[in-house]
Amino acid sequence: MKRIAVLTSGGDAPGMNAAIRAVVRAGVHEGLQVFGVRRGFSGLIAGNFINLEARDVGGILQQAGTMLGSARCPEFRSEEGRIEAVRQLGAHGIDALVVIGGNGSQTGAHQLTELGFPVVGVASTIDNDLYGSEITIGVDTALNIALEAIDRLKVTASSHQRAFLVEVMGRDCGYLALAAAVAGGAEAVIIPEMEIDPDTLAAELRGAYQRGKPHALVVVAEGAKFNADRLIHHFAEHRERLGFELRATILGHVQRGGTPGAFDRLLATRLGAGAVHRLIAGEHGILVGIGNSQIVTTPLVDVVANRKPLDLSLFELARVLSR
Ligand code: ATP
């Protein structure tokens with residue numbers, strides 16, 4: 001193996017740059033020639049490769065986003081698209097590929113291995129919904145951004161005795177919302193895995209005031225049936241009956257752009273270098289993730305076949321501690 005390529009795909013996550021840097025520098029250290037692929041799988045299909053030397057990845061460790069760009073690439077879902085990607089990899093003399101991304105990206109990575117091309121995945125998504133890694137690149141930083149918003153909203157909520165709602169990212173997985181609710185001391189949390197209807201929510205928030213709390217704050221995952229838009233609409237429509245207003249803050253993409261913290265820089269660096277070391281050891285068709293603080297690998301076939309369970313004991317803890 002002489003030449004490897006690296007790409008970032010799907011939603012960007014703080015720490016992706018640290019992972020790219022680690023792949024490049026660990027690769028160069030091992031005597032490999034390393035190429036970056038611009039804009040994820042789109043760049044593979046378009047043959048958009050750039051040679052990356054150690055100096056080319058200087059100054060990116062502390063930056064959010066990805067210097068290579070990312071993309072959602074519908075063409076890659078077709079066999080023609082993937083065959084063209086493998087052709088481009090061959091035409092550029094690439095022997096193996098590192099795919100940094102979440103569930104969709106690792107599904108794409110698995111499909112490439114099915115075509116016989118050696119791929120190693122690196123677990124990166126702020127959703128923390130990837131089977132094969134206890135925690136993924138970007139989660140910790142995104143969580144801290146959500147917490148900063150929650151802490152600030154609690155201050156203003158206490159001053160005005162208002163109920164506030166914060167919507168965080170998470171289309172299918174409530175991890176970010178649940179962890180933010182526990183760490184931020186929210187009065188209620190709504191996640192796709194554990195839906196609450198608006199009337200029950202109103203009763204919980206009312207209960208918080210009745211117990212003498214100066215504020216009531218609810219964290220909602222964007223993928224919940226009653227997300228921020230729906231709850232605001234419902235509370236406005238039934239204001240008289242419910243007895244109070246709900247003010248909403250939707251964090252949206254703000255959560256992706258934060259300067260990666262120490263945890264994500266370390267995690268991304270270990271996983272990026274770990275991916276190179278596994279390739280050198282002759283392993284591929286695997287995801288490199290973290291388990292019990294150690295680097296662990298999981299076959300991509302298992303990664304795509306399994307759903308990572310959400311620890312619902314955190315949900316119970318959130319309820320108990322919001323007394
Ligand atoms: P995040 O969850 O953080 O947004 P992700 O990697 O799950 O990251 P997706 O948009 O789901 O993001 O996937 C990224 C890309 O992976 C897609 O745009 C597509 O090119 C490729 N991909 C997703 N699913 C498949 C699939 N079933 N087969 C082939 N490629 C896929």
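How are α7 and α8 oriented to each other? Let's find out, keeping in mind that this is a predicted model.

**A pair of packed helices**

Two packed helices are described by the angle between their axes and by the distance between those axes. Here, helix α7 covers residues 198–210 and helix α8 covers residues 228–237. They pack at an angle of about 75°, and their axes lie 11 Å apart. Angles of 65 to 115 degrees count as roughly perpendicular, so α7 and α8 are roughly perpendicular to each other.

Which residues make the contact of α7 with α8? On the α7 side they are Pro198, Asp199, Leu201 and Ala202, which meet Leu231, His234 and Phe235 in α8. Sorted by class, this contact has five nonpolar residues, one polar and one charged.

**A cavity in the structure**

Searching the whole structure for cavities of 30 Å³ or more turns up one. The largest cavity has a volume of about 80 Å³. Its lining includes Ala181, Ile196 and Glu204, along with Phe315, Ala318 and Arg319. Two elements, β7 (188–190) and α12 (313–321), each supply at least two residues of this lining. Which element gives the most to the lining? That is α12, with three residues.

| Class in the lining | Number of residues |
|---|---|
| Nonpolar | seven residues |
| Polar | one residue |

How values were computed. Residues numbered from 1 in each chain as written. Predicted model: local features only at pLDDT ≥ 70, side-chain atom pairs only at ≥ 80, totals over all residues. Heavy atoms only, no water. Axes fitted to C-alpha atoms, helices over the stretch in contact; angles between N-to-C directions. Helix = DSSP H or I, 4+ residues; strand = E, 2+ residues; numbered from the N terminus. Parallel < 35°, antiparallel > 145°, perpendicular 65-115°, else oblique. Contact = heavy atoms within 4.5 Å. Nonpolar A, V, L, I, M, F, W, Y, C, P; charged D, E, K, R; others polar. 1 Å grid on protein atoms, 1.4 Å probe; cavity = no way out; pocket = protein on both sides within 12 Å on 5 of 7 lines; lining within 4 Å. Points joined across faces, edges and corners; volume = space filled by probe spheres on them.
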